[in-house]
Amino acid sequence: MRRVLVVLGVAVIAIAVLIPAALAQEVTGGCSATVNGQTLNTLDIKHPLIVEKGDTVALTGQIPADAGSGSAASETKIYVEVVGDVPIATQSGSGRFWGGTVEIPDVLTSLAPGVYKVKGSAEGSGWLCTGSAYVKIEGGPLTAAAAVGVVAAGAGIASVLGATRPKQTQIFNEGGTAGATATPDTGARLAADAITIGLFVLLAFLLGYVGPSWVVL
Amino acid sequence: MVGVPQRKWASGRPLAGFRSGVLIGLGVALVVHQLGWWVLDLNTLVLLPVLSGLLFAGRAWLGRPYR
């Protein structure tokens, strides 16, 4: 019983510390910005911009009103977030408008479509603006990423069953009287498995489904 | 209770449990991303597999119950 409480307690504490404050998508620095004509704050993870193979994503906006000369040069960098920011385009501009256009790489639509967080930063003389939006790249139902995921998860599930199995000698040393046969307690084992699966689902929910809309990286 | 042997847990293999948990976390991260439910980022592609590994390492350390 003590061992069950230790595992459960550590797991609950680890999950609890993952809960940060909620933050919405927004543009910082006094600029205005749209993606394919839609304002950024409407493109959250539940309502991403839908793009298909061959489509382009156009990020455009106006520099801050108090930015001074309207003819000054600006530079826009566009990133896609996949464990850190991966730069995908850098474009120069001038005047009161900033932005850039990115063509969706074919490798994404064929290998790993899905929802991505696209971020942009624009910088000019005396001003800096940043913004982000969620983009859903449409692809086929069977993708390489999905196949790899199914194989990895399947291998993990198969091997975790073996990982919980004790060596035969341990059963006699810890689970029963030496020299006697110990009887498996199936009910307690299923309860422990159910709690572990429940904690995993909670962890995945907090980190994945809710997490991205909280975190600005 | 009289006559009911005390339940005892026999530990499994925590390292193997960690490895399994990492695989499960990575696989779930990729599949759920393909379903369009979340993005691939630090949370889902690194933190989830590591914490999943720790969770399943704990489960393996707990092992199986016997009476």
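## Contact between the chains

Two residues are taken to be in contact if their C-beta atoms, placed from the backbone, lie within 7 Å. In this predicted model, 57 residues of chain A are in contact with 48 residues of chain B. The side of chain A that touches chain B draws at least two residues from each of helix H1 (2–16), strand E8 (114–124), helix H3 (144–163), helix H4 (168–175) and helix H5 (186–214) of chain A. Of these elements, H3(A) gives the most, with 14 residues.

By residue class, the side of chain A that touches chain B divides into 35 nonpolar, 14 polar and 8 charged residues.

## Architecture of chain A

Chain A holds 5 helices and 9 strands, and when the elements are read along the sequence they follow the pattern α-β-β-β-β-β-β-β-α-β-β-α-α-α. Among the contacts in chain A with a separation of 6 or more, 67% are made by residues 24 or more positions apart. Of the 217 residues in chain A, 30% are buried.

Is A:Asn36 buried or partly exposed? With 17 other C-beta atoms within 10 Å, A:Asn36 is partly exposed, because that count falls between the limit of 12 or fewer for an exposed residue and that of 20 or more for a buried one.

## B:Ala10 in strand E1 of chain B

B:Ala10 is found in strand E1 of chain B, and it is buried because 24 other C-beta atoms lie within 10 Å, where a count of 20 or more is required.

## Confidence of the prediction

The model scores ipTM 0.91 and pTM 0.72. Chain B averages a pLDDT of 88, and 96% of its residues score at least 70. Among the elements of chain B, the lowest mean pLDDT, 85, belongs to strand E1 (residues 8–10), whereas the highest, 93, belongs to helix H1 (residues 14–34). Strand E1 of chain B, which includes the buried B:Ala10, is thus the element of that chain with the lowest mean pLDDT. Where pLDDT is low, the predicted coordinates should not be read in detail.

Conventions
Residues are numbered from 1 along each chain as its sequence is written. Chains are lettered from A and ligands numbered from 1 in the order in which they are written. This is a predicted model: local features need pLDDT of at least 70, side-chain atom pairs count only at pLDDT 80 or more; totals for chains, interfaces and linings use all residues. Helices (H or I, at least four residues) and strands (E, at least two) are DSSP runs, numbered from the N terminus. Ala, Val, Leu, Ile, Met, Phe, Trp, Tyr, Cys and Pro count as nonpolar, Asp, Glu, Lys and Arg as charged, and the others, Gly among them, as polar. pLDDT is the predictor's confidence in each residue, from 0 to 100.
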